[in-house]
Amino acid sequence: MAFEQDLVALLPRLRRFARGLTGHHADADDLCQAAIERALTARQQWQVGTRLDSWMYRITRNLWIDRHRADARRGSMTSIDDSAVQIADNSHQRMEAQLDFGDVDRAMATLPPEQREAVVLVLVEGYSYREAADIASVPVGTLTSRLGRGREALATMLGEAA
Amino acid sequence: MTFDYDIIMAYVDGELDLVTAKRVERAALKDNALAAMIAEQRALKAKLAAHFYPVLDEALPARLMRPLEKIDTRLASPARSFRWSTVTAMAASLAIGLLVGPQFFSPSSGPLTVRSDTLVADGTLANALDTQLASAQPENAKIRIGLTFQDKAGAVCRSFDSAAIAGVACRQENDWIIQRAMAGSPRPAYRQAAADSLMDDIEAMMAGDIVDAATERVWRDNNWAARGAVHN
């Protein structure tokens with residue numbers, strides 16, 4: 001039962017992480033639900049004595065990235081690369097976001113997924129760069145580069161309200 | 001002296017070694033632009049943390065508990081199979097609630113509980129002591145973590161304060177044993193007074209120094225395990 005108990009104890013933080021990634025209440029809980037089901041199926045892969053939170057966060061972000069890519073392939077969302085270009089070039093989008101400068105969710109939604117993930121892991125969840133890189137399965141340098149671009153875009157969009 | 005953007009971000013995130021962090025701090029005293037950049041990034045971080053923090057206090061939806069309950073049921077009686085309906089969802093969440101402890105289902109559960117005749121932190125207080133870093137807590141955190149230190153027996157201890165209660169708890173196995181407790185206050189000014197009055201107790205308990213942000217993070221990652229007795 002320890003596994004289930006630990007999972008339940010982790011749920012509030014996992015829901016916050018999912019909320020940060022998806023930006024939507026229901027989508028976040030869908031993601032958490034899928035992550036819990038995946039974790040229960042794959043529980044043998046979790047090694048007792050290692051951190052359950054990192055493992056669960058990794059499962060959650062992998063599911064989220066997979067879904068995001070699948071949606072992008074179906075054309076219902078912009079691709080990761082497209083949205084990165086959009087952030088760089090689309091000043092109209094920035095201005096629009098700036099009008100709603102109090103809206104953190106709206107600003108977060110304009111970030112490419114990988115940047116949003118880095119921002120949530122470090123600035124919201126409080127993970128160190130190394131821990132966040134481990135969860136995102138990227139080198140620390142990649143993580144900090146995504147984090148830097150993400151927070152720069154947020155600072156611009158949220159402006160003085162930040 | 002000028003610093004790369006990356007260094008400034010790492011400073012704000014508590015990722016720099018102490019020497020470099022001190023250099024940034026000293027430079028910021030003389031360099032208004034640098035100080036403004038640091039302030040802006042700190043404000044951004046606080047804004048994001050404050051925006052998402054309330055999620056932690058939300059009641060957990062039954063549908064997230066159901067998969068956990070399914071497993072438990074199957075393990076208990078493998079021959080039976082359940083088809084869960086919306087109507088049974090609430091029953092399932094109640095059942096798992098009894099199984100894992102009511103604190104996960106009642107947002108109003110108290111910060112303390114008595115276990116084996118010992119007063120231990122529970123609910124949101126236990127969660128704050130487990131996860132919250134003094135160096136990275138939201139402005140509007142309901143429970144604020146003060147100092148983290150090691151007592152003379154080597155246990156990790158943390159001071160805390162909130163509207164309801166202030167005190168010091170030390171880690172023992174997976175619990176936070178309450179060592180000192182006093183009534184908190186909804187007024188921040190009084191809370192500071194409570195924290196100050198705990199300082200004498202903390203100084204008497206403490207071995208070594210109050211830890212810095214980096215050490216606090218490492219200790220959290222090690223699940224606040226005892227550090228071995230300190231002699232000083």
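B:Asn223 is found in the segment after helix H8 (213-221) of chain B, where helices (H or I, at least four residues) and strands (E, at least two) are DSSP runs numbered from the N terminus. The structure is a predicted model, in which local features need pLDDT of at least 70 and side-chain atom pairs count only at pLDDT 80 or more, while totals for chains, interfaces and linings use all residues. Residues are numbered from 1 along each chain as its sequence is written, and chains are lettered from A and ligands numbered from 1 in the order in which they are written.

Most residues other than glycine have a negative phi. B:Asn223 has a positive value, near 60°, and A:Ser137, which sits in the loop between helix H8 (129-136) and H9 of chain A, also has a positive phi, near 55°.

| Residue | Other C-beta atoms within 10 Å | Class |
|---|---|---|
| B:Asn223 | 11 | exposed |
| A:Ser137 | 12 | exposed |
| B:Arg180 | 16 | partly exposed |

B:Arg180 lies in strand S6 (residues 175-183) of chain B. Leaving aside neighbours within four places in sequence, B:Arg180 is in contact (C-beta atoms, placed from the backbone, within 7 Å) with B:Gly167, B:Val168, B:Leu198 and B:Asp201. Between B:Arg180 and B:Gly167 there are 5.0 Å in space, C-alpha to C-alpha, although the two are 13 residues apart in sequence. Strand S6 is also one of the elements against which the buried residues of H6(B) pack, along with strands S1 to S5 of chain B. Those buried residues of helix H6 (residues 123-131) are B:Gly123, B:Thr124, B:Leu125, B:Ala126, B:Ala128 and B:Leu129.

Chain A has 9 helices and 0 strands, and 41% of its 162 residues count as buried. Among its contacts between residues at least 6 apart in sequence, 62% join residues at least 24 apart. Helix H1 (residues 2-22) and helix H3 (residues 52-74) of chain A pack at an angle of about 35°, with their axes 10 Å apart; axes are lines fitted to C-alpha atoms, for helices over the stretch in contact, and angles run from 0 to 180 degrees between N-to-C directions. By class, this contact has 9 nonpolar, 2 polar and 2 charged residues, where Ala, Val, Leu, Ile, Met, Phe, Trp, Tyr, Cys and Pro count as nonpolar, Asp, Glu, Lys and Arg as charged, and the others, Gly among them, as polar.

A nonpolar core is a set of buried Ala, Val, Leu, Ile, Met, Phe, Trp, Tyr and Cys residues joined through C-beta atoms within 7 Å. The largest has 46 residues, and A:Leu121 is among those that touch the most other members. A second, separate core of 22 residues includes B:Ala126, B:Ala128, B:Cys157 and B:Trp176.

The contact of the two chains takes 31 residues from chain A and 31 residues from chain B. On the side of chain A, the largest share, 11 residues, comes from H1(A), and the residues of that side divide into 16 nonpolar, 7 polar and 8 charged.

Notes
Buried ≥ 20, exposed ≤ 12 C-beta atoms within 10 Å, placed from the backbone.
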